[in-house]
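Here is a short report for a reader who is new to this structure.

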Amino acid sequence: MLYGILAASSALLLAAVLTGLLRMPALRLGIVDRRWRRPMPLSGGAAVVAATCVVAAVGDRQGVTPLGPEAGRLLVAGAGVALLGLVADVLRVKARFLVGGTAVAAACVVPYEETGVLAGILAVGWIVFVALGFKALDHADGLAGTVGVVTAFGAAACAAAEVMDGLAVLLSVLAAALTGFLMHNWHPARAGLGACGALFTGFVLASAAVTTRAGQEPGSNAAVLFALSALVAADVVLVVLARRLSGRSLLRPGPDHLAHRLRRLGLTPQGASVLLGVTAFGGVLVAVLVHLGWIAASGVLWVAGGVLALVVGLLLVRPRVKPAARSGVVPRPASPQVTTQLRVRNG
């Protein structure tokens, strides 16, 4: 118990300090997200990964709380996925590069002896889905970090219930590291998570959930895993449907995610992140209750209904898309003086 508090505190402080220290090097090296109004340094991803790996590895090496083979293998594979994401932050890579690399890492951590081959393959696909879903969720200040913290605590509770102490500590350390990162990412954000941190967070959370649920009834497994990632699924489904209905490419970024549409309804950036965080907490709470056996797996149907209502409701909110000129530059509106002169000339 004492080590868990110390580990969480260390991860929080280390992530907060590293995010600030790595901010200027990220700007100088061009490791930034240019989708924002100003280049956003992606120092948070490396900080979260470093804080999580260092604190967990030190605890395991000192023998205070051994991670065990499952958590240790998961941490190594997660570090590999983070490196893959860092490459994507620095260079422009194709989506199949991220999908393939994450799938290979996921295939190395799924416990096939307990899940079976078919369920193991499905688990690999779900891990890839959640990891890439967290990358897509990093579209608003504080959103990916908030959802990651909530989900990590829920997955840690499930692991603790199965007496997987090493896995529970790893998830708690990840939640603390994300909290330290949020000190810099809350609106107005001064640092971003990037593909490095988002892929790492989604991969660790999904892999930990699969490991915790391995060997249990398939229907209950599907219910718990879906509820844990309900908000991520809602964002992915919303974007896919919106882009299909508008005839746009699925890989072309645009302001059509959850937080974008909530902002169009009048919510502040902080309000949108808090609302979506509370929504994620509802799904995670149901997942934990189903895992503990306190409610039936059919309780997840309420979560599915909520996701459906959220997606359908926000589909009616049209995203704000700026028209682009053929040259690729959006023309600036004419000044009042120029407009008056044109009217005089045309009159």
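A cavity is a set of grid points where a 1.4 Å probe fits but cannot get out, and its lining residues have an atom within 4 Å of a point. With that in hand, the model can be read from the inside. Note that it is a predicted model.

**Cavity**

How many cavities of 30 Å³ or more does a search of the whole structure find? The search finds 1. The largest cavity has a volume of about 50 Å³. Its lining consists of Trp126, Val130, Phe134, Thr151, Ala155, Leu205, Ala206, Ala209, Leu228 and Ser229. By type, the lining has 8 nonpolar residues, 2 polar ones and no charged ones.

**Second largest pocket**

The second largest pocket has a volume of about 360 Å³. It is lined by 15 residues, and those closest to its centre are Ala119, Ala123, Pro218, Asn221 and Leu225. Two or more lining residues come from each of α6 (112-115), α7, α10 and α11 (218-228). This lining divides into 9 nonpolar, 4 polar and 2 charged residues.

**The chain as a whole**

The chain holds 16 helices and 2 strands. Of its 347 residues, 47% are buried. Take the contacts between residues at least 6 apart in sequence: 72% of them join residues at least 24 apart.

The average pLDDT is 88, and 90% of the residues score at least 70. Over residues 323-347 the pLDDT is below 50, and this stretch has 4 contacts in the model beyond near neighbours in sequence.

| Helix | Residues in helix | First to last C-alpha | Expected span |
|---|---|---|---|
| α10 | 20 residues | 29 Å | 28 Å |
| α14 | 24 residues | 35 Å | 34 Å |

The span of α10 is close to the expected value, and so is that of α14. Is α10 enclosed or open? Buried means under 20% relative accessible area. On that basis 20 of the 20 residues of α10 are buried, so the helix is largely enclosed by the rest of the structure.

Gly215 follows α10, with phi near 90°.

**Leu289**

Leu289 sits in helix α14 (residues 269-292). Leu289 is partly exposed because its relative accessible area is 22%. Neighbours within four places in sequence aside, Leu289 is in contact with Trp294 and Ile295. Its C-alpha atom is 9.1 Å from that of Cys158, which is 131 residues away along the chain.

**Two loops**

Val163 lies in the loop between α8 and α9. Its phi is near 60°, a positive value in a residue other than glycine. Exposed means over 50% relative accessible area. Val163 therefore counts as exposed, at 63%.

The next loop to look at runs between α9 (165-185) and α10, and Pro188 lies in it. Which kind of peptide bond joins His187 and Pro188? The bond is cis, with omega of about -5°.

Conventions. Residues numbered from 1 in each chain as written. Predicted model: local features only at pLDDT ≥ 70, side-chain atom pairs only at ≥ 80, totals over all residues. Heavy atoms only, no water. pLDDT = per-residue confidence, 0-100. Contact = heavy atoms within 4.5 Å. 1 Å grid on protein atoms, 1.4 Å probe; cavity = no way out; pocket = protein on both sides within 12 Å on 5 of 7 lines; lining within 4 Å. Points joined across faces, edges and corners; volume = space filled by probe spheres on them. Nonpolar A, V, L, I, M, F, W, Y, C, P; charged D, E, K, R; others polar. Helix = DSSP H or I, 4+ residues; strand = E, 2+ residues; numbered from the N terminus. Buried < 20%, exposed > 50% of the residue type's maximum accessible area, 1.4 Å probe, protein only. Expected span 1.5 Å × (residues − 1).
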